[in-house]
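Dear colleague,

Please find below the structure I am handing over to you. My notes on it follow directly after.

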Amino acid sequence: MMLPTHVLGGMLLAAPLVRVAPEMAPIGFVAGFVGGLFPDLDMYVGHRKTLHFPVYYGVAAVPAVLAALLAPSAVTVAAALFILGAAVHSVADMYGGGLELRPWEGNSDRAVYNHYRGAWIAPRQFVRYDGAVEDLALSVGLALPLLFLLDGRLQQVVLGTVAVAAGYTALRRSLADLAGRLVPYAPDAVSPFLPDRYFDDEPER
């Protein structure tokens, strides 16, 4: 799934705070956004393996949520929403496409790495690939309740995120073709940092 979908999903996890602890809601929405974003910081360093932990984030979320419930503060609430956002992101990637330059071709058997079992989880492709139409629909569906709950800058963040999602969806296939054409001309100093899929459409090792 694309990054906008993940960050909107992370934000929505904070929605209960609007009713039960409205003073904590802003920090919760921000932490959920950052948590939903965090795993994809490994985009060019072992993508969906280095910072994706579909099991361990979930385990870590249990004490984090308990701490937020028993001793609510900006720190405990932010930590809980951050970890929950990262956990949902890592699990959600199992239901998208595989690790390849053109995931709509369905040639990859790697969706996200399970460190607990030491093996890759195969893509289930409920969302065919990041930037697919159904991915955009999911982003919009997650954004609608957020637009109702939020105002001010956070609402603008949601609207901007949806705009990015729409633009990425429109350009997704063209971007893959462009990358395939440009990568052979990448400087030697840059090539080692580019994922294998940019060169041969095979998933990262």
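Accessible areas in these notes come from the Shrake-Rupley method with a 1.4 Å probe, and for residues only the protein chains shown count as cover. On that basis the protein chain exposes about 10400 Å², of which carbon and sulfur atoms supply 67%.

This is a predicted model, in which local features need pLDDT of at least 70, side-chain atom pairs count only at pLDDT 80 or more, and totals for chains, interfaces and linings use all residues. Residues are numbered from 1 along each chain as its sequence is written, and side-chain values use heavy atoms, with hydrogens and water left out.

Overall architecture

The protein chain has 8 helices and 2 strands; these are DSSP runs numbered from the N terminus, with helices (H or I) of at least four residues and strands (E) of at least two. Read from the N terminus, the order of the elements is α-α-α-α-α-β-β-α-α-α. The radius of gyration is 18 Å, close to the 17 Å that the globule rule gives for 205 residues, so the protein chain is as compact as a globular protein of that length. Here the radius is taken over C-alpha atoms, and the rule is 2.2 Å times the number of residues to the power 0.38. The C-alpha trace spans about 50 × 35 × 35 Å along its principal axes.

Of the 205 residues, 43% are buried. Buried means under 20% relative accessible area, exposed over 50%, and partly exposed in between (1.4 Å probe, protein chains only). Among the contacts (heavy atoms within 4.5 Å) with a separation of 6 or more, residues 24 or more positions apart account for 68%. As to charge, there are 14 positive and 18 negative side chains, and the centres of the two sets lie 3 Å apart. Lys and Arg count as positive and Asp and Glu as negative, while His and the chain ends are not counted; each charge is placed at NZ of Lys, CZ of Arg, CG of Asp or CD of Glu.

Helix H1 and its surroundings

Helix H1 (residues 3-12) is largely enclosed by the rest of the structure, because 8 of its 10 residues are buried. Those residues are Pro4, Thr5, His6, Val7, Leu8, Gly9, Gly10 and Met11. They pack against H3, helix H5 (74-92), helix H6 (133-149) and helix H7 (152-182).

Threonine 161 belongs to helix H7 and counts as buried at 9% relative accessibility. Beyond its neighbours within four places in sequence, threonine 161 is in contact with Pro4, Val7, Leu8 and Phe33. Its side chain also reaches the backbone oxygen of valine 157 at 2.7 Å. This is a polar contact, that is, a pair of N or O atoms within 3.5 Å; within protein, one must be able to donate a hydrogen and the other to accept it, and residues adjacent in sequence count only if both atoms are side-chain atoms.

Proline 26 lies in helix H3 (residues 25-37) and is partly exposed, at 43% relative accessibility. Its C-alpha is 9.7 Å from that of alanine 74, a residue 48 positions away in sequence.

Loops

Two residues of the loop between H5 and strand S1 (112-114) deserve mention, namely serine 108 and alanine 111. Serine 108 is buried at 9% relative accessibility. A polar atom of its side chain lies 3.2 Å from the backbone nitrogen of leucine 99, and the side chain of serine 108 reaches the backbone nitrogen of arginine 110 at 3.1 Å.

Alanine 111 is buried, with a relative accessible area of 0%. Apart from neighbours within four places in sequence, its contacts include Arg48, Asp93, Trp120 and Ala122. Most residues other than glycine have a negative phi. Arginine 48, in the loop between H3 and helix H4 (56-70), has a positive phi of about 60° and is buried at 5% relative accessibility. Glutamine 125, in the loop between strand S2 (119-121) and H6, also has a positive phi, near 60°, and is partly exposed at 33%.

With kind regards
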